[in-house]
Amino acid sequence: MWIRTTLIAVLALLVFSAPAAADHRRTPVVKAVDKVSPAVVNITVTKEVLAQGNSPFGDPFFDQFFKDFYGQRRQAQSLGSGVILDGEKALVLTNAHVVAGGGSIVVRLNDGREFEADLVGSDPDFDLAVLKLNKAQHLPEVEVGDSDDIYIGETVIAIGNPFGYSNTVTTGVVSALNRPMKTRNGAFGSFIQTDAAINPGNSGGPLLNIHGKLIGINTAIHAQAEGIGFAIPVNKAKYVISELLDTGHVSPIWLGLFGQDLNQATARYFDLDSLNGMLVAEAYADSPAARADIRPGDIVLAFNGRPVAGKDSYLTQLFNMTQQETVTLTVQRGDRKRELKLKPQALDKEKALELVRSRWGFELADRSRGAGAEVTLIVPNSPAGKLGLQPGDIIHQIGNRRLARGIDLLNAFLRSRMQKTVLMRVQRGRSLYHVRLTM
């Protein structure tokens, strides 16, 4: 009798303890994934490309017969991830490189629904883009966290669509913060580093904390290593998103400084221990730098606490900022160091054109058709005049920036304004040339 009673008691214990055991399996990671997965999306971009290549026989004779075929246009698809920021407005955040190059955009939700999407705005330097889903409403959305409140070593979760495998979940820890790295477009960034697996197709997907809050946007993997992934901090993304929603782009900024690298002679003159720093050559009138009383001869030693090695270091760190943020510069004058807080200033097109004329020696105007900017005037004895540029020339590229739209000129000038030599791609008639503009 006691055996039967004992068996009944054991069975009852197993039955009633099963739900409790299942609850133990619902770890914080499981709860976070359940919470956020409905807001993670798969992004497919379809565009037409020109087919290229030779015949399958590898013979010039047969290539002639295949030329028409390979000259035809075909459709190409690229895949990426994204996360819904605003369910009522149907806004999706992703990487700019996911939707670069144009084409039709289709967004698929975790529940199988698909929506066509329009590009609200994108910025290749910050590698962020905002999409709006057509005819969509009452969508799930992610809760935005605080990327300034992150601990190295804390657990993080990445969700995305690597290699087309929808809603793949990986976990890891925060490996490092404020990790400097260049983006795909060559601009400087300050990233969250994680060992959570981030593979092709994860780009644009969310990096979450253990509470399921968005702390970063997965954007890159280190091609030469395993277990090293990067995400854009969400607090940085907030500033970018705000500008993308307002204007469709992020305004180019500056502090009004022109400078040069230090050499042995200038280091001795200013009694410096090293060649690190940027020597201020000019603080442009009515600029943040001028209002902060930065003068020629001052030396910029640090940018937001990070050392400035020279003018390129200064510029790359500046381009990681938006006009809504505050910059702290460590500036030396004589034997005195100061920390100055400056608010970056958006550089408008009129001022950029004025600076191009005064420093490079030519005037530009937008073209009514086609990319590039047209040279309308050459200042005598200027760098442009000595180079031989002429009115009517079309400038397609300055430095590594192609001039596809008006704002590209601002970005190109800001990046190249302190260079002694600027490489440009110029069209004259039907011919294209690469020329060097020397200051």
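How do the residues of the lining of the largest cavity divide into nonpolar, polar and charged? The views below start with the whole chain and then turn to that cavity.

**View 1. The predicted protein chain has ten helices and 27 strands.** This is a predicted model, in which local features need pLDDT of at least 70, side-chain atom pairs count only at pLDDT 80 or more, and totals for chains, interfaces and linings use all residues. Residues are numbered from 1 along each chain as its sequence is written, and side-chain values use heavy atoms, with hydrogens and water left out. Helices (H or I, at least four residues) and strands (E, at least two) are DSSP runs, numbered from the N terminus. Of the 439 residues, 46% are buried. Buried means under 20% relative accessible area, exposed over 50%, and partly exposed in between (1.4 Å probe, protein chains only).

**View 2. The largest cavity has a volume of about 100 Å³.** Two cavities of 30 Å³ or more turn up in a search of the whole structure. A cavity is a set of points, on a 1 Å grid over the protein atoms alone, where a 1.4 Å probe fits but cannot get out; lining residues have an atom within 4 Å of a point. Grid points are joined across faces, edges and corners, and the volume is the space filled by probe spheres set on the points. The lining includes Asp123, Phe126, Pro252, Met321 and Arg415. It divides into seven nonpolar, two polar and three charged residues. Here Ala, Val, Leu, Ile, Met, Phe, Trp, Tyr, Cys and Pro count as nonpolar, Asp, Glu, Lys and Arg as charged, and the others, Gly among them, as polar. Helix 10 (residues 406-416) gives the most to this lining, with three residues.

**View 3. Asp298 sits in the loop between helix 6 (288-291) and strand 17 (299-303).** Asp298 counts as buried because its relative accessibility is 2%. Its side chain reaches the backbone nitrogen of Arg295 at 2.8 Å. Beyond its neighbours within four places in sequence, Asp298 is in contact (heavy atoms within 4.5 Å) with residues including Met278, Val280, Gln332 and Arg338.

**View 4. His138 and Asn304 each have a positive phi.** Most residues other than glycine have a negative phi. Phi of His138 is near 55 degrees. His138 lies in the loop between strand 6 (128-133) and strand 7 (143-144), and is exposed, with a relative accessible area of 55%. Asn304 has a phi of about 50 degrees. Asn304 is in the loop between strand 17 and strand 18 (306-307). It is partly exposed, at 37%.

Terms used
1 Å grid on protein atoms, 1.4 Å probe; cavity = no way out; pocket = protein on both sides within 12 Å on 5 of 7 lines; lining within 4 Å. Polar contact = N/O pair within 3.5 Å; in protein donor to acceptor, adjacent residues only side chain to side chain.
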